[in-house]
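This report covers selected local features of one protein model. The sequence and structure are shown first.

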Amino acid sequence: MTLADHPVRWPHWVHPAGWARRGVRVIAALLGSLLLAPNLQAEALLRGAPLLERWGADLVGAPPRYVGAAHDDQGRLYVANLEGLLRFDGDQWELLRLPGAVYASAVARAADGRIYVAGFDVFGEVTDAADGSMQLTDLCGGFTFAKDAPALANVWQIMTNDGAVHVRADQAIYTLGVGGNGPARAALPDSARRFAATRQGMVGRIADRGLVRVGADGTLNNIVGGEVFAERGVVAIVDQAERTLVFGEDAIYLLDDQRVQALVAGPMPEFAHNPANVVIVLADDSLMVGTGRGELLHFDAGLKLQDRSAIFPGTIEDLHVDGENGLWVIGDGDLVRLRWPAPWTLFGASHGLRGAVFDAEWHQGGLWIVGANGLFRLAPEPAVKMTGEALPWFDYEGFALHASDAGLLIAHRAGLLVLEDAPRPRPLLADTEAVTWLLTLPERRDRVFAVGEHSLWLLALEQGRWQLRANTKLGSISPTTALIGSHAGEVWLADSRSGPQRWRFNPDTGELLGKTVFDSRSGLPSARGSKLNLFRLDGQLFAVVAGQTWVLRGEHFSLDHSEPASLVERPEELVVKSSPVGTFAQTTRELLRRAPGTQRWERLQFGGSSVRGFEGTLVGQDGIVRIATWNGLLQYDPSQILPPEPPLTAKVRVTERSTSGKLTPVVAVAEGAGRAIAAGNAVLFRFGLVTMETGVQFRYRVSDIAPNWSEWRAERDLTLSRPVGGTYTLEIEARTRSERMVQPLRYAFRVEQRWYEGTLFKGMTALLGVLMIAAIALTVAWWRTRRLHAANLLLETRIADRTRELEIANRQLSELATVDSLTGILNRRALESGLSREWRRCLDQHRAIAALMIDVDHFKQYNDQFGHLEGDAVLRRLAAEFRQLYDPSRELLARFGGEEFVMILPDVALAEAAERAQQFCQRLRQAALPVTISIGVASTVPTQSDDPQQLLRRADVALYRAKHLGRDRIELAVD
């Protein structure tokens with residue numbers, strides 16, 4: 001028996017017979033169909049790995065043991081798990097435990113949208129209870145069991161077709177909803193293996209017999225040619241386009257109503273040591289194959305292999321496409337989602353790349369990459385897998401590449417190389433200085449400017465070889481940006497000491513013809529003390545000084561507020577690059593794209609994928625757009641067009657909380673008040689959006705309570721404590737990272753009036769007020785007659801005052817123990833106490849908690865130059881600015897020691913914590929403080945095995961990296 005015959009693989013840790021792991025050996029395919037024209041092969045094969053979102057056990061809330069998946073008409077995802085059935089609604093994971101606490105062995109969706117789940121002796125339909133949670137309706141009573149098999153026992157598969165639901169158990173296939181058109185029960189021998197409900201009927205394999213079809217009377221009829229599977233396993237049986245395919249161990253077969261015959265014979269070398277394990281047909285009739293070693297192989301409709309990607313090291317147990325065209329890859333210990341088709345792919349660690357990437361170029365049939373760890377070459381293999389080769393010519397930073405027919409120019413930390421038709425490159429500049437930019441003259445492809453730390457070289461093509469033509473010393477300038485200008489031989493250099501400089505050269509000889517320094521006389525503010533940046537867009541030159549953007553008009557700069565500089569938080573990092581597929585604008589944290597023929601900039605987001613930090617936008621000689629990142633190289637393929645996504649609608653879950661703490665769900669009906677909330681009770685709202693996309697944000701307003709729109713936040717909870725009786729309307733808007741259209745929600749609700757909020761009580765209150773005024777007047781008259789008694793009261797008052805003064809002094813002493821005397825914020829002792837408290841709360845609620853570790857850059861030098869009193873004044877100003885950006889009711893701000901501060905952010909994930917860090921930096925820039933800060937950001941979801949100090953240590957490591965990378969920046973903690 002081979003486990004390849006079971007489409008829903010039972011994990012080894014729960015299989016009742018203790019089966020060993022599956023041993024599928026190979027499946028077949030068309031080798032000849034992989035042959036492409038040479039000039040198209042490189043482009044077709046040059047694809048990285050898809051961007052992944054991994055769902056760990058800490059997020060799912062269940063053991064990482066998954067079998068299969070399905071989704072309902074609302075887009076909610078269902079996953080069969082060791083502990084039962086999981087459901088994800090875009091917000092929270094919910095677990096439905098099956099009767100007898102058995103594991104869920106299969107889950108499926110029928111044509112009518114119903115969700116079915118099965119386990120040992122369990123089969124039923126999953127529906128919503130009154131409170132919105134999952135409930136199971138048992139359907140085993142609808143089956144006809146044999147006398148010797150009074151129950152289901154092991155359930156292997158749930159199959160659906162033509163309105164029928166088929167359940168394959170140990171000894172039979174049971175069918176519901178066939179309407180008399182087929183058997184309700186088809187007996188199976190012990191040697192039955194994989195079955196499938198296809199357009200050719202119910203088809204499956206019987207060991208030692210071959211492929212069979214279930215007849216109308218429940219008999220198992222041999223299929224002509226099916227005996228080939230008597231001793232061979234079946235990987236999958238799928239309907240594709242107008243045909244039914246049978247994936248065997250060493251060939252692909254075509255199944256029709258007459259026979260099964262080999263479609264293409266012969267083994268596939270791609271599966272020789274990596275057996276296929278699951279196959280699904282995608283919407284475009286292409287096929288996705290998951291293997292026993294965690295790889296995805298994509299075949300087009302003609303069975304030509306297109307892509308190959310390593311997803312995780314274990315076996316891929318199942319594949320599922322959700323309602324938003326996301327592909328879920330389910331494995332033994334892994335749950336991963338990716339977009340397919342994938343316009344963006346990543347070359348990273350799986351391709352051999354290490355560290356940050358600075359430049360990339362296509363040359364001589366391969367992709368060449370330079371970065372923080374040297375030079376790499378990625379070459380496509382016949383099996384469509386990119387593999388990286390680290391070249392030994394240098395093992396330090398490489399900064400820039402330029403490809404031409406004359407060779408590949410390679411700029412690195414110690415000089416400049418050119419790779420020609422030889423095994424090793426020829427040095428043009430050896431052990432001189434770092435060369436950072438290679439600038440090509442658009443009108444002279446035979447000229448390249450190389451910009452280094454201290455010199456600028458002109459390279460020229462002479463007799464088909466690159467040679468040094470001229471060298472110009474930069475002098476005191478230390479360029480942070482270098483650009484080619486709009487005129488021949490024109491180079492722009494950004495220098496924070498003196499402002500932008502325009503150097504003009506003779507492109508033939510390299511002679512410097514003149515240079516112009518643009519300063520305050522040209523309309524620019526002084527760049528000293530701030531980062532200067534230059535970029536070109538639509539034929540215009542822009543300069544960013546002190547966070548403001550200026551455009552050059554003639555010989556004068558004027559202030560500019562246009563896009564994309566106005567759309568990003570750090571315009572001083574902005575890099576703009578034009579390409580055939582649009583214009584890209586990028587900072588280290590943000591990436592925007594303007595499609596050809598439009599003026600609208602769209603923000604590109606990569607959700608929960610592993611993409612971190614953008615280094616530069618690159619357009620290679622092959623015309624492909626690539627984005628250099630801190631951990632790899634993104635590549636954009638415009639031919640991979642995502643299918644249209646279904647519309648989204650904001651949702652809300654409403655709960656009533658009584659004064660005793662009892663929670664009662666309230667049915668949320670849009671535009672309808674439903675039942676009234678009892679007087680004095682609180683109303684709890686939980687916003688929702690059923691989407692698998694991460695990074696959803698909400699805003700709301702409530703009539704008569706909060707009539708103005710709130711800020712956009714990822715927070716989903718809103719609590720109205722003891723609202724006044726009346727009728728209200730809650731309005732909710734939501735948005736996604738990809739800016740999809742979301743239908744807003746209006747929810748009307750009514751709160752009963754308290755007994756003292758009625759008209760009668762208000763009238764009685766007014767009358768009582770009149771009587772009280774009269775009583776007060778009589779009391780005052782009486783008090784005046786008791787002057788002597790007042791003297792005694794005065795003595796008692798003085799005693800009480802002394803007592804209160806003592807209480808105040810004691811309270812002040814207590815506060816001094818937790819407040820930093822210099823800055824007036826919490827000290828480290830209070831921080832540790834508060835962090836422990838918030839850590840326990842987030843652990844109980846499975847919420848994230850974040851920490852910002854903030855340090856003042858070069859503070860020792862500042863103290864040495866201006867004195868410690870001025871340093872103390874700076875710390876007090878910093879603390880005052882920080883106070884303006886935190887919520888003392890739920891967040892902790894403390895001085896950690898010296899010039900270090902810490903902020904603890906409960907219920908905040910890493911992306912939102914990074915945004916808060918950006919707000920701190922922006923605040924300090926606006927405050928014009930004489931110092932800068934570096935911030936390390938960390939976030940985690942606490943587990944029982946963690947401790948709060950780990951969070952601070954991870955934030956501190958990120959802070960150290962920010963210091964090491966140049967200060968005045970933000971770094972995120974990485975595992």
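## Surroundings of S455

Leaving aside residues up to four places away in sequence, S455 touches E433, A450, N471, T472, K473 and L474, where contact means heavy atoms within 4.5 Å. The model is predicted: local features need pLDDT of at least 70 and side-chain atom pairs pLDDT 80 or more, while totals for chains, interfaces and linings use all residues. Residues are numbered from 1 along each chain as its sequence is written, and side-chain values use heavy atoms, with hydrogens and water left out.

S455 lies in strand β41 (residues 455-462); strands (E, at least two residues) and helices (H or I, at least four) are DSSP runs numbered from the N terminus. S455 counts as buried because its relative accessibility is 0%; buried means under 20% relative accessible area, exposed over 50%, and partly exposed in between, with a 1.4 Å probe and protein chains only.

The S455 side chain makes polar contacts with the side chain of E433 at 3.1 Å and with that of K473 at 3.2 Å. A polar contact is a pair of N or O atoms within 3.5 Å; within protein, one must be able to donate a hydrogen and the other to accept it, and residues adjacent in sequence count only if both atoms are side-chain atoms.

Strands β9 (residues 122-128) and β10 (residues 134-138) pair in the antiparallel sense over 5 bridges; pairing requires at least two DSSP bridges. T127 stands opposite Q135 in β10. The hairpin has 5 residues between the strands, and G132 takes a positive phi near 90 degrees.
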